[in-house]
Amino acid sequence: METTAPATLPGTSATPSHHDLVVRSRQVVLPGGTRPAAVVVDGESITAVTGIDAPVSADAEVSIPGTCVLMPGLVDTHVHVNEPGRTSWEGYESATRAALAAGVTTIIDMPLNSSPPTTTVEALEAKEAAARGRLSVDVGLWAGAVPGGTAQLAPLWQRGVFGFKCFTSFSGITEYGHLSYTELDRVAAEVAELGAVLLVHAEDPQVLAAAPQNVGREYADYLASRPSQAEVQAIDRVLQAARATGARVHILHLSSARALPAIRRAKDDGVPVTAETCPHYLTFAAHTVPDGATEYKCAPPLREETNRQALWEGLLDGTIDHVASDHSPCTEDLKNRQTGDFATAWGGVSSVQVGPAAVLTAGEEHGVGPQDLARWMATAPCQAFSIPGKGAIAAGCDADLVVMDPRETFVVDAQRLEHRNKLTPYHGRRLRGVVHRTFLRGRLVDRESMGGRVIRRC
């Protein structure tokens, strides 16, 4: 039937009298809270959010079961796809299918460990070419800030990358060099001039070099080789560069809660700093890692239980801004599963498919629910990195919608994950939060869909 435009909730806009799609749910996660609503879609965009029972004339209508919530498509801003060059580790098809299975409709791909790394316009074009036609979700790209690469930053920024990633210690691959603190200052000044953001893997190389390196199968020895002080010291130096230059800086994969006071002080002082942590730091503690279980190896490492709880406190009070997976897979042989040698195993956790459920599960003791998940894994990263059209159910945003049952549970079976290499520390773990349907820009999608596109900051 024909109707007039529906009455809209505050902050939305009126729309034409007939629409492409309306999705109704008793629980819609909106910027102002979770409430019953109808989400109106035309083309690829949300055009209105209105009362659940409002008469809306549309070509298609979907009603969400009462046990499920309708959430904005989640956004994972820290994913290592590795294509081109190391596609045997992970590729666009497998990585984006895994993201889709988790309710993640947008990922931002790191500039390593692809080969060549994304540190030049030519390498960026190779990344974009490799991604086209292989995407189940939308994908944006980070670029790299490496020694001698300052002149490349402006051209890359003009091409629409979302920012620049650097290391203050060895990156794990020789073709992606780390910045000295002098070079960090120089890059920060250039980033400030561009109005860009500098992402930092912050561990101090001198602290790491002085730490004991007698690492083998015992996880405690690996943990001792990357002490908290390495993060604390490097983060202090990054904040110093931000204060001096005005550069926006983002602390990647924070694992040490000892750095939280410095980040909090910097924010209070108006320093433009944001920080993320990862599902594995919120889920696992060092004492639970079996010796030889190299699927748990990551850098920085999983730390003590008291540290895990302190990271939760930092996330809940807003010192930590958002959560990202740091999905960093490799082939099984590079994880040294046969020998269990932590010293030479690749450091990275495969987690893009289970990250949101892991956060919901680990956060249950803190009363965490879908509204928190949407804030930490959709709204906040999109605000921090100016990701256009993503991160919220609101008029004008892309119609990226996820139907999730936050109470339904599943047991992780690594062999059934979409990741190219079937190895993850979450194997056998019961998690809550099952995704039942996903809409990408207004279209219902599944694992066979290849409707994702490469997105740009501008």
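**Exercise 1. Thr96**

In which helix does Thr96 lie, and is Thr96 buried or exposed? Work from the predicted model.

Solution. 
- Step 1: Thr96 belongs to helix α1, which covers residues 92-101.
- Step 2: Apply the cut-off. Buried means under 20% relative accessible area. The relative accessibility of Thr96 is 0%, so Thr96 counts as buried.
- Step 3: List the contacts, leaving aside neighbours within four places in sequence. Thr96 is then in contact with Ile107, Arg134, Leu135, Ser136, Val137 and Val139.

**Exercise 2. Helices α4 and α7**

Describe how α4 and α7 pack, and name the residues that make the contact.

Solution. 
- Step 1: Locate the helices. Helix α4 spans residues 181-194 and helix α7 spans residues 228-245.
- Step 2: Read the geometry. The two helices pack at an angle of about 40 degrees, and their axes are 9 Å apart.
- Step 3: Classify the angle. Angles under 35 degrees count as roughly parallel, and 65 to 115 as roughly perpendicular. The helices α4 and α7 are therefore oblique to each other.
- Step 4: The crossing of α4 and α7 is right-handed.
- Step 5: Name the residues. From α4, the contact involves Tyr181, Leu184, Asp185, Ala188, Ala189 and Ala192; from α7, Ala234, Arg237, Val238, Ala241 and Thr245.
- Step 6: Sort them by class. The contact of α4 with α7 has 8 nonpolar, 1 polar and 2 charged residues.

**Exercise 3. The nonpolar cores**

How many residues has the largest nonpolar core, and which have the most contacts inside it?

Solution. 
- Step 1: Count. The largest nonpolar core has 103 residues.
- Step 2: Find the residues with the most contacts inside this core. They are Phe164, Leu198 and Leu254.
- Step 3: Ask which element gives the largest share of this core. That element is α7, with 7 residues.
- Step 4: Follow Leu254. Not counting residues up to four places away in sequence, Leu254 touches residues including Glu231, Ile235, Thr277, Leu311 and Ile320.

**Exercise 4. Thr277**

Where is Thr277 placed, and which residues does Thr277 touch?

Solution. 
- Step 1: Thr277 is in strand β13, residues 273-277.
- Step 2: Judge the burial. Thr277 has a relative accessible area of 0% and is therefore buried.
- Step 3: List the contacts, not counting residues up to four places away in sequence. Thr277 touches Leu254, Leu282, Leu311, Ile320, His322, Val323 and Ala324.
- Step 4: Compare sequence and space. Thr277 and Phe439 are 162 residues apart in sequence, and their C-alpha atoms are 27 Å apart in space.

Notes. Residues are numbered from 1 along each chain as its sequence is written. This is a predicted model: local features need pLDDT of at least 70, side-chain atom pairs count only at pLDDT 80 or more; totals for chains, interfaces and linings use all residues. Side-chain values use heavy atoms; hydrogens and water are left out. Axes are lines fitted to C-alpha atoms, for helices over the stretch in contact, and angles run from 0 to 180 degrees between N-to-C directions. Helices (H or I, at least four residues) and strands (E, at least two) are DSSP runs, numbered from the N terminus. Angles under 35 degrees count as roughly parallel, over 145 as roughly antiparallel, 65 to 115 as roughly perpendicular and the rest as oblique. A crossing is left-handed if the near helix is turned anticlockwise from the far one by less than a right angle, and right-handed if clockwise. Contact means heavy atoms within 4.5 Å. Ala, Val, Leu, Ile, Met, Phe, Trp, Tyr, Cys and Pro count as nonpolar, Asp, Glu, Lys and Arg as charged, and the others, Gly among them, as polar. Buried means under 20% relative accessible area, exposed over 50%, partly exposed in between (1.4 Å probe, protein chains only). A nonpolar core is a set of buried Ala, Val, Leu, Ile, Met, Phe, Trp, Tyr and Cys residues joined through side-chain atoms within 4.5 Å.
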